[in-house]
Amino acid sequence: MISEKYYWQTIHRWMKYSNYEIAFKSKDLNEIWLKHTKRHEIAIFKYGSSTSQEIRFDKSRILEHPDNINRFLGFRPEAYKFYYFTDRTYDTHDFNEYDRTKMTYHFIESQSDLASIMSHSIAKRMANRKDSKSASYYKKRVLNENPIERHMNKFSPITYGLILLNVIIWALINILHHNEFTDLKLIDLGALAHFNVVHGEWHRLITSMFLHLNFEHILFNMLSLFIFGKLLESILGSWRMFGVYMLSGIIGNLVTLAFSPDTFSLGASGAIFGLIGSLIACMIISQKFDQRTIGQLLLALLIMVVISLFISNINVLAHIGGLLGGVLVTFLGYYFLKDRKLFWIIIACTAFVALLLLIKIFVTQTDNIYNRIIREQMYENHYDEAEHMINQTKKKDYADDYTYYLSGLINATKNSKAEAMADWERGLKIFPKSSLLHFEMAIANRSLGDLDTAKEHINKAVKYAPNVKKYKDLKHELEDDDEE
């Protein structure tokens, strides 16, 4: 007869890969019931020799006591699947039932039979592989009653996929950019920047979630994603967990744009805090988690917060926004199924808050982030880099009159005053009402002795910005020069 190890191994893989949970276990542990609440399915595993009479008895006790079983399980099963680990051979057609309640029977006599009963592709491939682990190893994991450890034991494809995607993106960026991240490179890669988003680059709400600055940054985030992602994916399911992750990250980024518009940010931490918020909401909704479980989660959260204190440039607003987003999305999903009226009330409130955030984002005025980066490079005497950034800014069509002003200063430093003036003149063709460019042209022409052209430019500068003192002072100086 097939060994006891494969009995516990099969149950373990059923729980790990197909998201079943223990519903019942006999005193001698030779009979284990697993339930899949969402599918309304029961899988019954029995170990030891079973006569045809015993099999028919198993069938009759289900058919004769459906109400008691439904109450015990908390739902009405639509299908029962029996798996007998036995040394006897039976014809399954003698027992299968399809009329009243669907019942199917499977008899496992050898290891080669295991693959045929596995529904999950990974579990099916693993069925015939040699395994050095003992029966007690699998038995211990099947019977583990700690909810945290039980959830962590589940197969979590979305969590693994998100971790893999983040690591691949980080590795490729490091290889291509030789681990040198300037502000402009981060912006070009898709970091969250208020200036770019309000100019239509909404994709940054998502792309910024998959960018990380250094090894410590991605290591901390991926460890956190592994823990909280696996927990939530086991509780909610893969695609619901993915929805919480993405929506929480986007909400965290919107909060960042609304209340910290002068910075740019990147990283998955907002989305990860959304997973934590969703776990908190799940505990409130289910009320099934004991004090030990809550303590373990709070300890993990505390460790995460403490570690984050040692990482530079932490975006606290994204964390708060993501946390609240995770709570909100989870409650929306719950009330959509349980109380549709309350669901629409929450949706209306959420839409109102989202509208306020968007208004705040669009009414907030921020400097052209490209000009700020160019200016910083100039202060550090990196004129070649600054010139490259100016060309990039013009190519992206984000250049304004201040960009042309900076371009002229770079040309004046690197080349000649004539080329600087040519830059400012090109800028004036695009921004003819730029008081700054008119002012610079006035100074340049004055230095060349062309007072008429200088006066023409300074008069326009004062016209377009009448309250700027240095413009008025230069106008008076030019008038005095003309009198002399």
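A residue counts as exposed when its relative accessible area is over 50%, as buried when that area is under 20%, and as partly exposed in between. In this predicted model, E145 has a relative accessibility of 62% and is therefore exposed, while K25, at 34%, falls in the partly exposed class.

Side chains of opposite charge can pair when their charged atoms come close. A search of the whole structure finds 14 salt bridges, and one of them joins E145 to K25, with their closest N and O atoms 3.8 Å apart. This pair links distant parts of the chain, since E145 lies in the loop between α6 (135-143) and α7 (147-152), whereas K25 belongs to strand β1 (residues 21-25), 120 residues apart.

Another salt bridge brings together the side chains of K46 and E31, at 3.8 Å from N to O; here the partners sit in strand β3 (residues 41-47) and strand β2 (residues 31-36) respectively, 15 residues apart. K46 is buried at 15% relative accessibility, and E31 is buried as well, at 9%.

In helix α2 (residues 52-64), D58 and R61 are separated by about one helical turn because they are 3 residues apart, and their side chains meet in a salt bridge of 3.5 Å, N to O. D58 is buried, with a relative accessible area of 2%, whereas R61 is partly exposed at 25%. Salt bridges with shared partners join E31, K46, D58 and R61 into one network.

The surface also carries a nonpolar patch of about 560 Å², made by F352, V353, L355, L356, I359 and V363. Of these residues, L355 is found in helix α17 (residues 340-363) and is partly exposed, with a relative accessible area of 46%.

Conventions. Residues numbered from 1 in each chain as written. Predicted model: local features only at pLDDT ≥ 70, side-chain atom pairs only at ≥ 80, totals over all residues. Heavy atoms only, no water. Patch = residues over 30% accessible without salt bridge, like charges linked within 9 Å, V, L, I, M, F, W, Y side chains within 5 Å. Areas by Shrake-Rupley, 256 points an atom, 1.4 Å probe, with all protein chains shown as cover. Salt bridge = Lys/Arg side-chain N within 4 Å of Asp/Glu carboxyl O. Helix = DSSP H or I, 4+ residues; strand = E, 2+ residues; numbered from the N terminus. Buried < 20%, exposed > 50% of the residue type's maximum accessible area, 1.4 Å probe, protein only.
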